[in-house]
2 protein chains.
Amino acid sequence: MISPGPARPSPVRVPPAAAPAAPGAGTLLRLLRDGRPRTRSELAGVTGLARSTVTQRVDALLAAGLIGPAGEAASTGGRPPTTFAFVPSARVVLAADLGATKARVALTDMAGQVLAESRADLDVARGPEPVLDWLVARGDDLLDRAGRRRADVLGVGIGLPGPVEHSTGRAVNPPIMPGWDGFDVPGYVGERFAGPVLVDNDVNIMALGEHFACWAEASHLMFVKVATGIGCGIISDGGVYRGAKGAAGDMGHIQVPHGAGHPCRCGNTGCLEAVASGAAIAAELTGQGVEARTALDVVDLARSGSVAALQSLRQAGRDIGEVLAASVNMLNPSIIVIGGSLALAGDHLLAGVREVIYQRSLPLATEDLRIVSSRMGERAGVIGAAVMVLDYGLSPERVDVLVSG
Amino acid sequence: MISPGPARPSPVRVPPAAAPAAPGAGTLLRLLRDGRPRTRSELAGVTGLARSTVTQRVDALLAAGLIGPAGEAASTGGRPPTTFAFVPSARVVLAADLGATKARVALTDMAGQVLAESRADLDVARGPEPVLDWLVARGDDLLDRAGRRRADVLGVGIGLPGPVEHSTGRAVNPPIMPGWDGFDVPGYVGERFAGPVLVDNDVNIMALGEHFACWAEASHLMFVKVATGIGCGIISDGGVYRGAKGAAGDMGHIQVPHGAGHPCRCGNTGCLEAVASGAAIAAELTGQGVEARTALDVVDLARSGSVAALQSLRQAGRDIGEVLAASVNMLNPSIIVIGGSLALAGDHLLAGVREVIYQRSLPLATEDLRIVSSRMGERAGVIGAAVMVLDYGLSPERVDVLVSG
């Protein structure tokens, strides 16, 4: 009969921590993350907390090094009060974007600023242990370069090129990742570094990274990755929208009119990926006598002015636009970002997307809608992996545990 | 450079209240809303708060009547401690679902239980003042019948049959509501009753009501109303998903293959509403020589066994399924509820929807997906309007203000 208010599950589903010894400190830190120094009185005024409570919480945050004294405020008579501010360098985040054949690792501070970075050609199909051992070795290397220790790590964020069960950090039947199915990534990496290990698929972290770095003020963003395959990361109210089973954003297998009759690797026909992915365009060009094997071959052809390649990219943009036009009516985003390797081939893909969306969607849904190319490019994923850790590791509940530990 | 964690805006955007005099009481109440009695010690243990803080907050909630003593816990030696529980009858909610030609008003307690209810034929096109005056008169009547006063009202929730700017409670260019465009509904109704006045469109509150009453455990629900027009309410993590401009769920004007060439009232061709709405089916049947003017005529024909009507409903279900199949891949809901007057015509519409979704969507997105008819029927809206008020009015921040007032 009596129902509690709708529970808002944490965007990151890891087991809840025990009751903290310093409750409420995290709420103060959330306020201080804007970087502005504040006095104890100002903190009491903004939060409505008792002065004694604020003092206790400030002391806990100071002891953990998460905030520090930031000077003195103007005196109103008597000794001027001390101000306190967030110390982004107190902890570091290890972030990795593991692609099909390339990997990137970065060390960031708690403001998402990159302190050190490393990239390499690395085939994810080598299996979880060699790839994650590489990640751990590069992570230690970056910590060394930045003069930090494993104990300074707030958490580790990892993006993988396949479906991931975010709540457990395990890949689920990933088509291009032999040996990874069900592998306990957080368990393996978590033995090496302090803090939680969070895992997500590559397009979700690219969406987070692009949102954090370029469009933080946008409440609703869709990031579309057009490469060998096609996927979408959805940001809603600042967090990743995952859906009931974590399968949200799987746009590559939505039917498009132009796809009729084209067989798709999923077993259906007419899917978006069957006509508009890098693999599909390469196959189509080859059929026309223009040699292309991969998405990057298509990009090279377009850059060298191949009319067939440019026409194919434009049509792929239209097909992607068909799917996005429906999503614009349903989800009402304020910005759509087109990324992935095919987006590197100039504006032909983007032009096709825009053409169809503005023709098909309702005026109310498009009047303030922006459709743009990715600005972060190949760095979107690694930044997003860091943001994933920051969102979770600096949540009030986690900070309460951190300062009491 | 430094970015705060992603802000999760309140699902209800009304101006923030001043800093409360009893901070934290609302968080305790949120815990107690499950109905289970707890001692002060239990509350301190669960929240990690100091015993003195819990005592102070419990006293504030007791003084406001929101909780009451609920007996004694088993003694562990000495005097047995008192337990406290939520008192759902402490306040009431006035909820209204104003349709195109019918209106329903209900008084509920704070657990969403209906205490008194009233319905009437009422043309929303009569304009805001006569319609809202009727609502106020019926509201007073219901309060009278339940032995309550205007001051007991926690808040008022209103559903309108057109687009609403939820943050201001005003209708925006509503096609079937002459005189309502921009009218200050909260201002007009708020003069009469205590508490905030919240307004939303009918399909969003139907989605909330169906979710609250029948599918509270589902994190992601889509409610599709198929009547004269077609619209969708999206529930995500327990709240209404609105999108950037509040236009999310506008599925009636998404293109469908079967719609090609059919002109729509929006000015485009090929929209879902142009082939699958009650109005479109009635026109199609009339064209076939089977007289039908409204969605309800179609329902009557189907119930009397008209083969043409049944075939049309099945095809409408397939067309709706085309749009939903794409949304299932993109949004990954766990349940889709089909409601509205056309859903009353038996399972033909639902069968068409299921046929296409299960054929088109990906296995991961459909393995636990349920597609069902509305169980709440005509009461979904009024229950949802009450839930909208409860979600907002019993949020920790609002309760803090309530108990300090």
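## Strand pairing and the hairpins of chain A

Two strands are taken to pair if DSSP finds at least two bridges between them. In this predicted model, the hairpin of S5(A) and S6(A) has 5 residues between its strands, and Gly112(A) adopts a positive phi near 80° there. The two strands, S5(A) and S6 (residues 114-121) of chain A, run antiparallel and are joined by 7 bridges. Within this pairing, Ala103(A) is placed opposite Ala120(A) of S6(A).

S5(A) also takes part in a hairpin with S4(A), in which 3 residues separate the strands. Strand S4 (residues 92-98) of chain A is antiparallel to S5(A), with 6 bridges between them. Leu94(A) has Leu107(A), in S5(A), as its bridge partner. Strand S5 (residues 102-108) of chain A has 6 of its 7 residues buried, so the strand is largely enclosed by the rest of the structure.

## Domain division of chain A

Three domains are assigned in chain A: domain 1 (25-86), domain 2 (90-195 + 381-393) and domain 3 (216-374). Between domain 1 of chain A and domain 2 of chain A, the C-alpha centres are separated by 33 Å.

## The open sheet of chain B

In chain B, 5 strands make up an open sheet with mixed pairing, in the order S6-S5-S4-S7-S10. From one strand to the next, the twist averages 15°. S6(B) is joined to strand S5 (residues 102-108) of chain B by 7 bridges, and the two run antiparallel. In that pair, Ala106(B) stands across from Glu117(B) of S6(B).

Helix H13 (residues 380-393) of chain B packs on this sheet, where it touches strand S4 (92-98), S5, strand S7 (153-160) and S10 of chain B. The direction of H13 makes about 135° with that of S7(B).

## Two buried residues of chain B

Ala96(B) belongs to strand S4 of chain B. With 28 other C-beta atoms within 10 Å, Ala96(B) is buried, because the criterion for burial is 20 or more. Leaving aside residues up to four places away in sequence, Ala96(B) touches Ala103(B), Arg104(B), Val105(B), Leu135(B), Ile158(B), Gly159(B), Val382(B) and Ala385(B). Asp59(B), by contrast, is 37 residues from Ala96(B) in sequence and 34 Å from it in space, C-alpha to C-alpha.

Val224(B) is located in strand S11 (residues 220-226) of chain B. This residue is buried as well, with 28 other C-beta atoms within 10 Å. The contacts of Val224(B), not counting residues up to four places away in sequence, are Cys232(B), Ile320(B), Ile336(B), Ile338(B) and Gly339(B). Of these, Ile320(B) is 96 residues from Val224(B) in sequence, while the C-alpha to C-alpha distance is 9.1 Å.

## Helix packing between the chains

Helix H10 (residues 307-331) of chain A packs against helix H10 (residues 307-331) of chain B at an angle of about 85°, and the axes are 11 Å apart. The two helices, H10(A) and H10(B), are therefore roughly perpendicular to each other.

On the chain A side, Val323(A), Ala326(A), Ser327(A) and Met330(A) of H10(A) take part in the contact; they meet Val323(B), Ala326(B), Ser327(B) and Met330(B) of H10(B). By class, this contact comprises 6 nonpolar and 2 polar residues, with no charged residues.

Key
Residues are numbered from 1 along each chain as its sequence is written. Chains are lettered from A and ligands numbered from 1 in the order in which they are written. This is a predicted model: local features need pLDDT of at least 70, side-chain atom pairs count only at pLDDT 80 or more; totals for chains, interfaces and linings use all residues. Domain bounds come from an automatic or database domain assignment. Axes are lines fitted to C-alpha atoms, for helices over the stretch in contact, and angles run from 0 to 180 degrees between N-to-C directions. Helices (H or I, at least four residues) and strands (E, at least two) are DSSP runs, numbered from the N terminus. Angles under 35 degrees count as roughly parallel, over 145 as roughly antiparallel, 65 to 115 as roughly perpendicular and the rest as oblique. Two residues are in contact if their C-beta atoms, placed from the backbone, lie within 7 Å. Ala, Val, Leu, Ile, Met, Phe, Trp, Tyr, Cys and Pro count as nonpolar, Asp, Glu, Lys and Arg as charged, and the others, Gly among them, as polar. A residue is buried if 20 or more other C-beta atoms lie within 10 Å of its own, exposed if 12 or fewer, and partly exposed in between; C-beta atoms are placed from the backbone.
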